[in-house]
Structures are given as structure tokens and as C-alpha cells.
Amino acid sequence: ARVRRRCMRRMPEGSAQDCVPAPFNARTRVHDDGGEAFTASTGTLFFSNFADGRLYRLDNGDIEPRPITPEIELRYADAVIDRTRNRLLCVREDHTAAGREATNTIIALDPDKDPTGGTVLIQGCNFYSSPRISPDGARLAWLQWNHPNMPWDGCELWLGDFDSQGRVTNRVKVAGGATEAICQPEWSPDGLLYFIDEQTGWWNLYRWQDGKADPVHPMEAEFGVPHWVFCTSTYAFGSAQRMVCTYGRTCV
């Protein structure tokens, strides 16, 4: 049977409420394996519906979700909210051209309704993931890779600035390559870019600062996991000075 994924909300009295009414299914097929099919902020939920691939919006108090993307062969995943410019950023997979491999891009969307299906910000590689906006809204980090690689074989972490029109400029490669895998770029609350890199043979945490990447806590341990689905998470920030993370190591 097909799995229906729901978005649950914890109510003030402690009960759990399904935010997405049936038959809507908060799943995405981007990169086939999907993951990270929804995001929410200030009472509004955005989610990808499995049946048609469209992005839907559900505001607090609404009963029925409404589509914000057109009814064509476009799929969406890994959305983040760009509050500075009142838009959504996400990975889009374009299946509109028959007989051609789907095209992956990072795009911007009008969160109310976007009949174009989004404006392309980043393109040119076979695959993208993890668009992450800095806390001040000034910069964007993302991952990209090409055939024949899977992301755990090798990928690249890039960083760019938003210009006054919301385009991504001054792009620089932070880390990674065809044989060096990166995963989980995230911004700390004080605006530093963290990520997991395997450059020593172990997936360790790194911090990008002053134009260079420094190891945070070098260990013969794996702080990352293969990027099978979007938004796999093995660490998070409790504050600008405190991280919570998991890792695996061999005990002898």
C-alpha cells in the first residue's frame, strides 16, 4: 500500500493534530528518494503533495490546502523560507521535457501563488540540495554534484551573496569535489557556516570562517551519514556556543 505522510502539530494541551487533510500526502519524489517535503512558519504550512508534485499552502484556520505552483511536471523539495524577500527557496526537478533527463535547479517561489513554477537561482549541475539562508538573510549555501556521483561519493559546498534583486552572486566553492563528500551545511545562530566533510577519511564537523574551513572537533568518527534523502540531520545548535550532535565510531 502507498504510504501517506502526514504533518503533525502539537496542540497546547499536548495532543497531536494532523495538519494535512486526506487524501493529501506530504511526500516528494525529487531525486526519487525524496525527503523534506514540508516547511512551516508563523502559522503557515507549505508542503509537496505526492500525487501531483505541486507545492501547497495551508494557513492557520484554513480547512483545504491551496496549490501555489502550476499543474505541470515540476517537483519540489527541501524548501526554506526567505523572510528578507518574502519568498520560498527550494530544489526543483523539472520533468516537463519528454525524452530528456529531469533538470535540477534551486529556485525562488512566490509563497502566495507562483504560476511560473519558480525563478531559477542556481543551475548547471545534475543535482542540488540543502539551500540554506544565513541568519541575516544576506548569503546562501548549497550542495551540488554531477553524474556519475551519488552525493556520498563526492559533491561540492558553495556559498554566494544575495544582490539587491535577490539573485545569487559572488559565488565561491567552500569545500568538496568529485571524490570528497560533504553533507549537512547549516548556519549557526551567529552566522557561521558549518558542514560535515570527509577530507581526512572521516566525516567530521568543519566551520567556514575568514575564508577557510577549520575542523571543529577532529575525531576518528563519523559525524555524517549518506545523503539518501533530503535534510538528514545529525547535529543542531542549542545556541551560538553549543552544539548537539551524534557520531559513530568503532570500539575495540
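## An all-strand predicted chain

The chain has 20 strands and zero helices, where helices (H or I, at least four residues) and strands (E, at least two) are DSSP runs numbered from the N terminus. Its radius of gyration is 18 Å, close to the 18 Å that the globule rule gives for 252 residues, so the chain is as compact as a globular protein of that length. The radius is taken over C-alpha atoms, and the rule is 2.2 Å times the number of residues to the power 0.38.

This is a predicted model, in which local features need pLDDT of at least 70 and side-chain atom pairs count only at pLDDT 80 or more, while totals for chains, interfaces and linings use all residues. Residues are numbered from 1 along each chain as its sequence is written, and side-chain values use heavy atoms, with hydrogens and water left out.

### Overall figures

Along the principal axes, the C-alpha atoms fill a box of roughly 50 × 50 × 40 Å. Of the 252 residues, 46% are buried; buried means under 20% relative accessible area, exposed over 50%, and partly exposed in between (1.4 Å probe, protein chains only). Among contacts with a separation of 6 or more, 38% are between residues 24 or more positions apart, a contact being heavy atoms within 4.5 Å.

### Nonpolar cores

In soluble globular proteins, nonpolar side chains tend to be buried together. A nonpolar core here is a set of buried Ala, Val, Leu, Ile, Met, Phe, Trp, Tyr and Cys residues joined through side-chain atoms within 4.5 Å. The largest has 15 residues, of which Leu157, Leu159, Val174, Ile182, Leu193 and Phe195 touch the most other members. Strands β12 (139-145), β13 (156-162), β14 (168-176), β15 (182-187), β16 (193-197) and β17 (204-209) each supply at least two residues of this core, and β12 gives the most, with three residues. A second, separate core of 13 residues includes Ile106, Tyr128, Leu140 and Phe162.

Leaving aside neighbours within four places in sequence, Ile182 is in contact with residues including Leu143, Leu157 and Phe195.

### Selected residues

Ser48 is in strand β4 (residues 44-48). At 1% relative accessibility, Ser48 counts as buried. Beyond residues up to four places away in sequence, Ser48 touches, among others, Asn25, Ala37, Gly53 and Tyr76.

Met243 belongs to strand β20 (residues 242-245), and its contacts beyond four places in sequence include Tyr194, Leu205 and Phe237. Met243 and Gly53 are 190 residues apart in sequence and 35 Å apart in space, C-alpha to C-alpha.

Arg207 is in strand β17. With neighbours within four places in sequence set aside, Arg207 is in contact with residues including Leu193, Tyr194 and Asp214.

The relative accessible areas of four residues are listed below.

| Residue | Relative accessible area | Class |
|---|---|---|
| Met243 | 25% | partly exposed |
| Arg207 | 23% | partly exposed |
| Glu36 | 28% | partly exposed |
| Asn170 | 59% | exposed |

### Backbone features

A cis peptide bond joins Ala22 and Pro23, with omega about 10 degrees; Pro23 is in the loop between β2 (16-18) and β3 (38-41). The peptide bond from His147 to Pro148 is also cis, with omega near 0 degrees, and Pro148 lies in the loop between β12 and β13.

Glu36 is not a glycine, yet has a positive phi of about 45 degrees; Glu36 lies in the loop between β2 and β3. Asn170, in strand β14, has a positive phi near 50 degrees and is likewise a residue other than glycine.
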